Amino acid sequence: AFGLNDAAKQAGKLWFGTAVDIPGTGEAQDKFYFREFKSPHDFGEATPANIMKFDATEPEQNSFNFTGGDYFLDVAEQYGKQVRCHNLIWQSQLPNWVNNPATPWTNKTLSKVLVNHVTNLVEHFGDRCYSWDVVNEAFADSPAGDYQKNVWFNNIGPEYVPMAFAAAQKVIEKNGLKVKLYYNDYNIESPGAKTTAALNLVSELKGRGIQIDGVGLESHFIVGSTPSYHQQLQTKRAFVREGVEVVITELDVRATLPPSAAEQTQQVQDYYDSVKSCVDVAGCVGIVVWDFDDTYSWVPSTFAGQGYADLFFQPHGANHPLVKKAAYDGVLEAL
Ligand code: XIL
């Protein structure tokens with residue numbers, strides 16, 4: 001049946017996609033879930049939710065494990081999905097050797113680690129990635145727009161961000177790759193200090209001749225406090241004006257459990273507003289949900305007492321049929 005990805009393409013977008021853990025929720029674990037994931041009508045893109053992160057790909061210093069990432073790409077390609085590779089440099093899901101080094105890091109030693117990680121991953125996965133989220137979540141919510149005081153910032157300073165992009169760019173130029181380089185963050189979907197920081201980062205990188213092609217607006221929203229269509233539209237336009245494309249990279253809309261009837265209705269509107277704000281900006285090239293089934297959503301284990309965030313649910317639990325929520329039709333209508 002005509003689905004989300006079909007509609008996204010008709011709207012002039014590259015795809016509608018989803019984050020997924022493969023292996024983890026592959027065919028063997030839940031054939032009903034996997035059948036929906038495979039659907040080319042709904043999903044033309046797949047983002048690895050975890051398997052390309054630092055702890056998974058460089059568990060010991062300079063010893064790389066690409067098995068999971070390669071398998072993810074094999075599966076995605078088998079079902080005709082493009083992949084937004086995620087992510088290279090972030091403060092979370094780091095291996096112990098980065099967080100608790102035997103000898104304290106210096107600017108010089110940690111810069112080498114950063115460049116080595118970026119270089120090896122961009123080189124290995126190459127053009128199988130539509131794009132890389134080069135730096136993830138560098139800015140804080142409070143004080144909004146300040147750099148997060150993480151291991152990278154504390155040892156290298158703000159220069160760790162351009163350093164990561166420049167290292168990726170070097171591999172791209174050396175190997176003649178097409179992969180696009182993204183900055184990805186949350187709470188940059190509406191105007192504010194954090195959004196301004198991200199806009200300034202784009203113009204700084206461009207000004208210095210460092211490659212940045214896109215900004216990922218994660219869009220992890222809460223029912224009823226989702227930014228308005230106009231706020232989201234305005235923000236996407238602001239990024240596009242800086243000369244980058246944008247993608248809604250991690251859309252979900254969570255509620256306190258159990259959601260009231262009013263909240264269930266509001267969720268449909270929240271999904272609609274967000275997706276529509278991408279449809280109406282030519283430079284917004286795609287929409288990705290952070291998983292599509294409440295059973296496998298990251299929300300309940302991250303935000304206590306919350307859930308109901310995704311487009312489908314399984315009324316009889318894992319490995320039983322999926323049911324579309326009204327939000328699915330809200331998204332379809334927006335596309
Ligand atoms: C989440 C995954 O979905 C979880 O399985 C994991 O335990 C934590 O990370 N922003 C991001 C994603 O950029 O990488 C995060 O993914 C969700 C928030």
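Started with E250: leaving aside neighbours within four places in sequence, I find it in contact with A19, E218, S219, H220, V288 and W290. I keep in mind that this is a predicted model. E250 is found in strand β10, residues 245-256. I looked up the record too: UniProt, in an unreviewed entry, places the feature "active site" at E250. Is E250 buried or exposed? I get 24 other C-beta atoms within 10 Å, so E250 is buried.

Next, the ligand. I list A49, N50, N136, E218, E250 and W298 around it. E250 turns up here again, and E218 is in this shell as well as in contact with E250. Sorted by class, the shell has two nonpolar, two polar and two charged residues.

Then the strands. I checked β3 (residues 82-89) and found seven of its eight residues buried, so the rest of the structure largely encloses it. Which strands does β3 pair with? I see β2 (residues 45-48) paired with it in the parallel sense over two bridges, with A46 standing opposite V83. Strand β4 (residues 131-136) also runs parallel to β3, joined by four bridges.

H86 and N87 are joined by a cis peptide bond, with omega about -15°, and N87 is found in β3 itself. I noted another cis bond from S142 to P143, omega near -5°. P143 sits in the loop between β5 (139-141) and β6 (144-147).

Positive phi next. N62 has a phi of about 60° although it is not a glycine. I place N62 in the loop between α3 (54-57) and α4 (67-78), and it is exposed, with 11 other C-beta atoms within 10 Å. D291, also not a glycine, has a positive phi near 80°. D291 lies in the loop between β11 (284-289) and α12 (299-302), but this residue is buried, with 26 other C-beta atoms within 10 Å.

Last, helix α2 (residues 31-38). Which of its residues are buried? I get Y33, E36 and F37. Seen down the axis of α2, these fall within an arc of 105°, so they line one face of the helix. A reminder to myself: an α-helix has 3.6 residues a turn, so residues three or four places apart point the same way. K31 and R35 are exposed on the other side of α2. I looked for what covers the buried residues of α2, and the cover includes β1 (15-20) and β13 (312-313).

Key. Residues are numbered from 1 along each chain as its sequence is written. This is a predicted model: local features need pLDDT of at least 70, side-chain atom pairs count only at pLDDT 80 or more; totals for chains, interfaces and linings use all residues. A residue is near a molecule or strand if its C-beta atom, placed from the backbone, lies within 6 Å of it. Ala, Val, Leu, Ile, Met, Phe, Trp, Tyr, Cys and Pro count as nonpolar, Asp, Glu, Lys and Arg as charged, and the others, Gly among them, as polar. A residue is buried if 20 or more other C-beta atoms lie within 10 Å of its own, exposed if 12 or fewer, and partly exposed in between; C-beta atoms are placed from the backbone. Two strands pair if DSSP finds at least two bridges between them. UniProt positions are given in the numbering used here, feature names are shortened, and annotations may be inferred rather than shown by experiment. Two residues are in contact if their C-beta atoms, placed from the backbone, lie within 7 Å. The arc is that of the directions from the helix axis to the C-beta atoms.
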